Structures are given as structure tokens and as C-alpha cells.
Amino acid sequence: MVEYAPYPDGSQPTVQSERYFRTSQLAPSRPFIEAPVTLSEITGPLFSREGVVPEEADLTTGGRALGQLMVLAGQVLDEDARPLPGLLVEAWQANASGKYRHPVDGRDAPLDPNFTGAGRMVTDSEGRYRFVTIKPGAYPVPNTGNWWRPPHIHLSIYGYAFMSRMITQMYFPGDPLNEIDSILMSVPDAEARNRLVARDEAALGIHEHALGYGFDIVLRGRNQTPMENEGPAA
């Protein structure tokens, strides 16, 4: 078993946060029970990389989606900044109107028939991933006193088995809603929060067609990207 140094204080969100009131209702009140890691958890079930096709990394159905077209790209790295090839990366988000393509989202906002809302791809030999999508819109959280979530993209990273999954959110630089977002601000350390904000990188975009944003994902170590459901209950 590989031992890892503890996360620096404040670098990961707790499962209960005063800023994000819903955690007081949904988070466990007792300490986590650590399940033993046996051969079955390490070796399977596995996903088929051959079943992931390049077209799944384009959420815009060929650039016809409404909104600001953009490219999101980066690397998935370990604690020593080594690239991690062959990992499954999933992305899902709201459309330009702040509407998810999901039955749970009952808000009165239009769906875009040319926007899939979700995509996936497998990192290449240098741990790189790339999605073509649109910049999502902000949306209100019901029954919160008009709290609006800033534009963000959810990212899920699978290891070589489905039991190894980490989930995070990526935010956009300079958005005024970032500083008042209860979920982003549930990460206590400001430097760690900054690791959830993408970089403006024009070179990653498509000339005169799409903006470019860079976002690297670090899975371990002191520079780990903050992930959901990390840390003990507060």
C-alpha cells in the first residue's frame, strides 16, 4: 500500500460546510468507515477504452450549439507532475441558458437540441484531455434566497477500474459569482480554490471560432485539485 502525506490544512472541502447549507442535511454525521481494499477493488470492474470514441469529446454536435464556443484542455497528473495516460475523463455541464439535460432539472429554461450536455474521452500518452463545448450559463439554486451558481463544468476522472473515481468542478477566471459561490468557497484555503479556476489560453482555442481554457487535474499530493466528498465531517 502506497502511503501519501496528509493533505495540507484547508486544501480540500469538508463534507460539512457552513457556507454550503445543504451539507448539514446530506453529509454523514459519523466518521467514515474505511473498507478494506482487496484484489477485486483493485482489478475491476474495468471500462473498455475501445468503447470511447473521439466524437464523444465534442458536446456541441459539430459547433451548432448556442452560446460561446470554447475548448477545455489540460493534463491529468500525479503528485510528482507525471502525466497519467489511459484515464477516463467525463465532463458534464449546463447549457448556455444554465439548464442541464437531465430530468431532475425542472427549471423553466430552454434546452438546446444541439448541445449534448455531457462528454467523455481517454487521456493520451501525455495524460492530456480535450473537450469542445460552450461556456455554461449561471443558474439559481432553488429555495436559497436567490443564490446563483457561477458558470462551471463538472469533471470526473476514472482510474483503471470503476472503483477509482474522483470528481471536481472547474470555474472560469474573473467571474463575479465565484467569490460568493457557497460550493467553491467551501474550500477554506484560497490557493487551493485557485486550483479550481481555469486559465485563459488562447492557443488552446480554435482560431476565430472558439475560446481556449486550460485546466490541469492533479490527483495526489500537496497540489492536488480539490475534489468532492474529501475530508472528515466538520
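Visitor: Which residues line the largest cavity?

Guide: Rolling a probe the size of a water molecule over the atoms shows where empty space is left. Here the largest cavity is lined by Gln93, Ala94, Asn95, Lys99, Tyr100, Arg101, Leu111, Asp112, Phe115, Thr116 and Gly117, where a cavity is a set of points, on a 1 Å grid over the protein atoms alone, at which a 1.4 Å probe fits but cannot get out, and lining residues have an atom within 4 Å of a point. This is a predicted model, in which local features need pLDDT of at least 70 and side-chain atom pairs count only at pLDDT 80 or more, while totals for chains, interfaces and linings use all residues. Residues are numbered from 1 along each chain as its sequence is written, and side-chain values use heavy atoms, with hydrogens and water left out.

Visitor: How much space lies in the largest cavity?

Guide: About 40 Å³, a volume being the space filled by probe spheres set on the grid points, which are joined across faces, edges and corners. The count of cavities of 30 Å³ or more comes to 1.

Visitor: Which residues have the most contacts inside the largest nonpolar core?

Guide: In soluble globular proteins, nonpolar side chains tend to be buried together. A nonpolar core is a set of buried Ala, Val, Leu, Ile, Met, Phe, Trp, Tyr and Cys residues joined through side-chain atoms within 4.5 Å, with buried meaning under 20% relative accessible area for a 1.4 Å probe, protein chains only. The largest one has 32 residues, and those with the most contacts inside it are Leu72, Val76, Tyr129, Phe131, Leu155, Ile217 and Leu219. The largest share of this core, 6 residues, comes from S1, a strand being a DSSP run of E of at least two residues, numbered from the N terminus. A second, separate core of 8 residues includes Trp147, Val187, Ala192 and Leu196.

Visitor: Is Glu90 buried or exposed?

Guide: Glu90, found in strand S2, counts as buried because its relative accessibility is 19%.

Visitor: What does the side chain of Thr144 reach?

Guide: Thr144 is found in the loop between strand S5 (139–140) and strand S6 (148–149), and its side chain reaches the backbone nitrogen of Trp147 at 3.2 Å. A polar atom of the Thr144 side chain also lies 2.6 Å from the backbone oxygen of Val141. Thr144 counts as buried, at 19% relative accessibility.

Methods
Helices (H or I, at least four residues) and strands (E, at least two) are DSSP runs, numbered from the N terminus. Buried means under 20% relative accessible area, exposed over 50%, partly exposed in between (1.4 Å probe, protein chains only). A polar contact is a pair of N or O atoms within 3.5 Å; within protein, one must be able to donate a hydrogen and the other to accept it, and residues adjacent in sequence count only if both atoms are side-chain atoms. On a 1 Å grid over the protein atoms alone, a cavity is a set of points where a 1.4 Å probe fits but cannot get out, and a pocket is an open set with protein on both sides within 12 Å along at least five of seven lines; lining residues have an atom within 4 Å of a point.
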